Protein chains: 2
Amino acid sequence: MLGKFIISHKPCLHPPLSFYQQLRIFADQEFRMQFKILHKDTQSNARAGEIITDHSRIQTPIFMPVGTQGTVKAVHQRELKEDIDAPVILGNTYHLYLRPGLDVLEEAGGLHKFMKWDRSILTDSGGYQVFSLSENRKLSPEGAHFRSHIDGSKHLFTPEGVVDIQRTIGADIMMAFDECTPWPCDKAYAESSLELTHQWLDRGWKHFKESEPKYGYSQSFFPIVQGSVYQDLRERSAEKIASIAAEGNAIGGLSVGEPAEDMYAMIEVVNRILPEDRPRYLMGVGTPINILEAISLGVDMFDCVMPTRNGRNGMLFTAEGIINIRNRKWMNDFSPVDEMGHSFVDTQYSKAYLRHLIIAGELLGAQIATLHNLAFYIWLVREAFYQIKKGEFTPWKIKMVKSLGTRL
Amino acid sequence: MLGKFIISHKPCLHPPLSFYQQLRIFADQEFRMQFKILHKDTQSNARAGEIITDHSRIQTPIFMPVGTQGTVKAVHQRELKEDIDAPVILGNTYHLYLRPGLDVLEEAGGLHKFMKWDRSILTDSGGYQVFSLSENRKLSPEGAHFRSHIDGSKHLFTPEGVVDIQRTIGADIMMAFDECTPWPCDKAYAESSLELTHQWLDRGWKHFKESEPKYGYSQSFFPIVQGSVYQDLRERSAEKIASIAAEGNAIGGLSVGEPAEDMYAMIEVVNRILPEDRPRYLMGVGTPINILEAISLGVDMFDCVMPTRNGRNGMLFTAEGIINIRNRKWMNDFSPVDEMGHSFVDTQYSKAYLRHLIIAGELLGAQIATLHNLAFYIWLVREAFYQIKKGEFTPWKIKMVKSLGTRL
C-alpha cells in the first residue's frame, strides 16, 4: 500500500462529481494518487511508469509546463490539451494566493474550474517565490513573513497555512513548505536551513493528514529533499523524507547555479535513499540534457520555466540542437520552424517569419515559440518513456545529449 | 465593366498557381476583383454584397482585423480562419517595408506565403504611419521623407514607390499614397493637402496601371477621398476619386478626433458621389456603433485597431454593451466571458478568470480578449448582412445602437 491514511470524501458544493468520484464517496474506500513502474532500464536507473490522479493519467517521465498564475504564458488551455497534450501542469501557490486570491479560487470551485483545466495540477509550495520575489522577507521557526511583490502588503506563510492554501487551490499534488537554499551556500547555513525545512515538513505533513480536500477529489502531498550540494546533508534529508512515506517525493534546491555535475551527484545520492516505488520529482529542472541525465538517475517528474521563458525570448529547443531565432542567419530561412517538430506551429510557420515576429516584439512570436518548446519537451519525455520500454534508453540518451547541446 | 485595363498574368517563380489562375493565364482573359451588390436596404443606403479576390470571397459589409506587422496581434492564423473566420485582414505598408523588409517578403513569395495566410490581404499605403509614427518627416510634392521609428534610418515614400512596395507585399487590395489630415485642420491646409493627395493619386494610379503583380494573382488599387470635415472639399475629392473608376474607393481622414456627427455627415456627402457599384472602404473606423451607422450610409468595408488594441487593455465589445473587464465588479463573476459570444473563448473562460489574466498582465488575457472582440466584430458585420437581406436592417440597427453603447 502506498500510505497510511484514508481521505474520507464528503459530498461538496461543487458538482458535478464524476461517476467514479461518487462511487468512491459511496464506498468510503481508500483512494489516492497511484504510481506504477511499467519498465526499467537495465543500463541506468531510468524507469517508465504512470501516475494516476483523479484528473488524469500521467505517463512518466513527465515534464510539467509552468502555469504560474493560473495560465501557461501565451498558451490557450485548448492548445495545452490538443496540441501540446500535457497531462499535468504546475501552478504557483505564492502567486495564486496573492492574485486572484483564495476567495476567488474557492468560489470558483478551485483552480481547475477557475482556469478550465480538467487534467492534473501540481502546486509549488511558494517557498521559492517567497525568497526570490517578495520584499522584506523574514524567516522564523513559525514560518516566513513577507511583503507582496505586487502591492507591498504583509503576509505570513506557515507550513500549515501553505497546506490550507493548496487545499483551496485544489492541486492534485501539493508541495511541502521548504526553504530553497541559494548557491553557493555555506554548510552551516545549509544545515540549519535543512533542520528548519524538516521541522516545517513535520508540521505540514501533520496538517495535511488532519485536513481534507475541498472539491471532492483527492490531493497528494510531496515532501522536498534539501541539503544544498553537501552529500551528508542530502543523505540526511533523503532519509527524513523517505521516513514520511508520502505518495511521492521531491528534490529541491538544485539547478540554482551549481555546476551540472554537482546536481547530478546530489540526485544520485538522494535517489539511492528515496523509495523506488514512489515518483521522484526534480524541481525546477531544466535543460533537455539535464532532464535526460536526471531520468537516467531515476527521476520521474520535472518542471521548468525554460521552454516558456526562453521561448518568449526567441530560444527554441529541438532534437537537433538549440536555435536562437533572433540570429541574423534565420532572416531568409523559409524552412519550417522545426520540420521534425510535434506541434502545428512547427510546420505552419517558417523560421524567417518567427524571427520577424520575435524581433518585432509581436505576441504571436511568444505564442509560437512557447508552443514549439513545450511540445518539444513533452515529446522528449514521451520518447524517453518509449526508449526505456524498448530497452534502448541509454544509447538513445547518449546520442541525444550530443545533439541537444548543439548550437544551430 | 469595372475598369479599363487588363493585367496580363505571366507564369512566375512562386508555384503552385491554382487551376483557375492557370486558366486565366492561359486565356489571357481579364480578371480582377469582383464586387456584386446582392441586397439593398429600403430604409437606408445599406447594402449587402460580396467581393471576390483571387484569395477569398468576402461578404460585405466586412470588418478587416488589423495585422500591422504581418500578424494580428495575439492571434494565430489558424484562429483567424477557424474561430474568427475573417475572410480578409489588413497589413501595413510602412511597418512591413521597415520590418521584415522587402527583400525578405519578396523571397518569401509575398506576405501571404510569409505569414501563411491564404485569404485576402489589404495593405494600407503607409501614409498614416509616416505622419503618426516616423520621425523628422518632411513632405514635398515628390513624396514624404521620413526617418524610421525603429532605427532612425532615412527613407522616402513616393506615390509610385508605395505601389511598388505593395506589389512586393502582394496585397490583394492596395491603397493609394495620401496625406491623412489631422483634426482639427484649418481649411487652407486641408485644401492644399487635398491637392497634393490628388496629384499623388494620379501618379500612383498611372504607376499601378503600368506595373504588374509579382506572384500570379491580381491586385486592386483603391484611391482615398480626403478633405477633412469640409463638405466642399470632400465633394471635390469624391469627384476626383470617382473619375478614376478604380475597383473600389476609400474614405480616409475620418475618426481622427472629430465629432461622430461630422464623420457621418462627411460619409453621406462622399457616398452620394462615389459610384454605387464599387465597394466603399471607410478607413480606420471604428466602434461597433460607428460601423453600423456607416453601413447605413452605404459603406462596405472597415478596419480598426479598436477590437485588438482595446481588447489587450481589457475592453470587451458585446451585443449587450461594453465591458471593462478590469472593473472590480467582475472579480467574482464566474459567468462566461460572453454567453452569446461567437468564439470558443466566450464560453470556455469566465469573466473572473479573464479579469485575473488582464490584471496580472498575462498574455493569455490579451489572447482571449482579442479573439472575443474580433469574433464579435465579424459577427456584427455578418449579422448586418443578414438583416439587410431580410429587409430588417434599419430597425435592427436602431435597436443595436442602443445596446452597443451601454456600459455593462
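At 12% relative accessibility, B:E50 counts as buried, a term applied to residues under 20% relative accessible area, whereas exposed residues lie over 50% and partly exposed ones in between (1.4 Å probe, protein chains only). The structure is a predicted model, in which local features need pLDDT of at least 70 and side-chain atom pairs count only at pLDDT 80 or more, while totals for chains, interfaces and linings use all residues. Residues are numbered from 1 along each chain as its sequence is written, chains are lettered from A and ligands numbered from 1 in the order in which they are written, and side-chain values use heavy atoms, with hydrogens and water left out.

Side chains of opposite charge can pair when their charged atoms come close. A salt bridge is defined here as a side-chain nitrogen of Lys or Arg within 4 Å of a carboxyl oxygen of Asp or Glu. Because A:E106 belongs to helix α4 (residues 102–108) of chain A and A:K214 to the loop between α8 (187–210) and β11 (220–222) of chain A, the pair ties together parts that are 108 residues apart in sequence. Helices (H or I, at least four residues) and strands (E, at least two) are DSSP runs, numbered from the N terminus. A:E106 is partly exposed, at 34% relative accessibility, and A:K214 is partly exposed at 30%.

A salt bridge also connects the side chains of A:D232 and A:K187, at 2.8 Å from N to O. This pair links distant parts of the chain, since A:D232 is in helix α9 (residues 231–244) of chain A and A:K187 is in helix α8 of chain A, 45 residues apart. A:D232 has a relative accessible area of 38% and is partly exposed; A:K187, at 34%, is partly exposed. In chain B, B:E50 forms a salt bridge with B:R57, and the closest N and O atoms are 2.9 Å apart. B:R57 counts as exposed, at 56% relative accessibility. In chain A, A:K36, A:E50 and A:R57 are joined into one network by salt bridges that share partners.

The axes of α8(A) and α9(A) come within 11 Å and cross at roughly 5°; axes are lines fitted to C-alpha atoms, for helices over the stretch in contact, and angles run from 0 to 180 degrees between N-to-C directions. The two helices α8(A) and α9(A) are therefore roughly parallel to each other, as angles under 35 degrees count as roughly parallel, over 145 as roughly antiparallel, 65 to 115 as roughly perpendicular and the rest as oblique. Contact means heavy atoms within 4.5 Å, and the residues of α8(A) that meet α9(A) include A:K187, A:L194, A:H198 and A:W205, with A:D232, A:R236 and A:I244 among their counterparts in α9(A). The residues of this contact of α8(A) with α9(A) comprise seven nonpolar, two polar and seven charged. In this grouping Ala, Val, Leu, Ile, Met, Phe, Trp, Tyr, Cys and Pro are nonpolar, Asp, Glu, Lys and Arg are charged, and the others, Gly among them, are polar.

Among the residues in contact are A:I289, A:L292 and A:I295 of α11(A) and A:F393, A:W396 and A:M400 of α16(A). The contact of α11(A) with α16(A) contains nine nonpolar, one polar and two charged residues.

A:Q166 lies in helix α7 (residues 159–169) of chain A and is buried, at 0% relative accessibility. Residues up to four places away in sequence aside, A:Q166 touches several residues, including A:T93, A:D124, A:M175 and A:Q219. A:V256 is placed in the loop between β13 (249–251) and α10 (260–273) of chain A and is partly exposed, at 26% relative accessibility. A:V256 and A:C180 are 76 residues apart in sequence and 9.1 Å apart in space, C-alpha to C-alpha. A:H356, in helix α14 (residues 351–359) of chain A, is buried, with a relative accessible area of 4%. A:H356 touches B:Q69, B:R99, B:P100 and B:F114, not counting residues up to four places away in sequence.
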